[in-house]
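Q: I am new to this structure. Can you show me how to read its salt bridges and its helix packing?

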Amino acid sequence: MPENASTPESESSEIVVAEPRRSTWSEMKTSEDWWAVWIGGGILLICFLVFYVGLPENFSEQLQEAEATGEKLKVHSPLKSWLAKPSSWKSNPLSSLFPPEKSSLLIPMCVVFLISLCAFSIGIKAMGHSVSKFATGFLGVFLLATLAYVLTGQVVAKRYNLEYALWALMIGLVISNTIGTPMWMKPALKTELYIKTGLVIMGASVLFSRLLILGVPGICVAWIVTPIVLISTYIFGQKILKIESKSLNMVISADMSVCGVSAAIATAASCKAKKEELSFAIGLSLSFTVIMMILMPIVIKALGIGPILGGAWMGGTIDSTGAVAASGAILGEQAEQIAITIKMIQNILIGVTAFGVAVYWVTCVEGKESQVKPDAWEIWYRFPKFVLGFVLASSVFSLLYVSMQGGEIIVPTMVKESSKVFRGWFFCLAFISIGLETNFRALTKFLKGGKPLILYVCGQSLNLILTLLMAWLMFSVFYKDVINEVFNK
């Protein structure tokens, strides 16, 4: 219910006076959403400036020479050797921290830890929480995140693309549902702050130039099917399955139709979903992502679907970007490129979805349930502000990519070698926190009657059918020659 709404009491005539809402300026200094923007934006700025300053003096000449010879110029971020996560290993877990082909990764991991601790501590202080208690708990959460990365790096787990998100969630759940989450860790369980900051950083990798690669076909697959599936699934959950929690219904619908965990977080903020609802939706999504990532390439090969159509189909249906890349790679380079591009175009809808859900929730759900007409500003107050950071980062780095000399080299390299490392760690910290805050007993109520599971299966089935149909029309009928020309050069 909006903070400024008063609820009529059935047994009392007492008037409930709403607390005065904080100004936007005040929220910009103290709210979690805005601090996700400041921290994420600050890290992106530092990563870019360090990279730009570190470019060789004759970069322009090198770039011109590479263009003349048709070679690809390679440059590296000065931060590359100072930022790291555990690497892959086969039989000895310590190899992930002390790889034989490299020096110890402990120092660059400590650098990530210290920078993250300092950045989040500033926000924690501004929000009025204890920095010392946060720092103590943060050490424990970071160590658990390191363990999740180590488990992810095992070659067998890596082959099946069992991502860090799944391991982190499992580690947290095991601890919270056995020995219990230690009290000293709880001040550092800032799930939303971690993942919102990671999403702001992720904005730098969601480039609008991706739209130009596939053009109309890519937009049709990613932007037409997605809202149809989201709205249809939500209506199905409410009208047919009659799921009690509208917010759980909406989070699962957005999670499954848009782009998995990232969309779930943004949507949950818009409709004020409970933490256990978000945890359940994320767990459901991760489970089906693993299944689809393995089965879809097999089905595509069995049906004789080509790599271009198969890549488009996977890009529009598999939730996780990492899983999309892994599945696409199984079908070949063409499928991988198309699948990733479709997914990145779809990722742009995160902000649009969050805004749309905020508008709908304020005007049609809470306003109707409370019978209090919300003021127009409620949509702005409800809208998750970190999405603004995501959109701004995407816009700025998209502009740099197309207008800056060597931008097509600088931006992707900076993202890959610096900002992506922070994004991965922040997401991992978030999944550890989700697991540590989640008790299975709190989730059992969502499994009654199996309605959320039915919702996800039916929604994803609709998604698979509509995406395949749209991809076939775009990539095999209307724009077949254009797509083949682009990807067969």
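Q: Is K196 buried or exposed?
A: Keep in mind that this is a predicted model. Residues under 20% relative accessible area count as buried. K196 has 4% relative accessibility, so K196 is buried.

Q: Which residue forms a salt bridge with K196 at 3.7 Å?
A: Look for a Lys or Arg nitrogen within 4 Å of an Asp or Glu carboxyl oxygen. Here the partner is E32, with the closest N and O atoms 3.7 Å apart. E32 sits in helix α2 (residues 32-53) and K196 in helix α8 (residues 191-202).

Q: Is E32 buried or partly exposed?
A: Partly exposed is the class between buried and exposed. E32 falls there, with 23% relative accessibility.

Q: Which residue meets K196 in a salt bridge of 2.5 Å?
A: That is D33, and the 2.5 Å runs from N to O. D33 has a relative accessible area of 12%, so D33 is buried.

Q: How many salt bridges does the structure hold?
A: Three. One of them joins the side chains of K80 and E417, at 3.8 Å from N to O. K80 is in the loop between α3 (59-69) and α4, while E417 is in helix α20. This pair ties together parts that are 337 residues apart in sequence. K80 is partly exposed, at 43% relative accessible area. E417 is buried, at 10%.

Q: Which residues do shared partners join into one network?
A: Follow the partners from bridge to bridge. Salt bridges with shared partners join E32, D33 and K196.

Q: Now the helices. At what angle do α4 and α20 pack?
A: Angles of 65 to 115 degrees count as roughly perpendicular. Helix α4 (residues 106-126) and helix α20 (residues 407-437) pack at about 70°. These two helices are therefore roughly perpendicular to each other. Their axes are 11 Å apart.

Q: Which residues of α4 and α20 meet?
A: List each side in turn. From α4 come M109, V112, I115, S116 and F120. From α20 come V421, F422, W425 and F426.

Q: How many nonpolar, polar and charged residues are in that contact?
A: Sort the residues by class. The contact of α4 with α20 has eight nonpolar residues and one polar residue. No charged residues take part in this contact.

Conventions. Residues are numbered from 1 along each chain as its sequence is written. This is a predicted model: local features need pLDDT of at least 70, side-chain atom pairs count only at pLDDT 80 or more; totals for chains, interfaces and linings use all residues. Side-chain values use heavy atoms; hydrogens and water are left out. Axes are lines fitted to C-alpha atoms, for helices over the stretch in contact, and angles run from 0 to 180 degrees between N-to-C directions. Helices (H or I, at least four residues) and strands (E, at least two) are DSSP runs, numbered from the N terminus. Angles under 35 degrees count as roughly parallel, over 145 as roughly antiparallel, 65 to 115 as roughly perpendicular and the rest as oblique. Contact means heavy atoms within 4.5 Å. Ala, Val, Leu, Ile, Met, Phe, Trp, Tyr, Cys and Pro count as nonpolar, Asp, Glu, Lys and Arg as charged, and the others, Gly among them, as polar. Buried means under 20% relative accessible area, exposed over 50%, partly exposed in between (1.4 Å probe, protein chains only).
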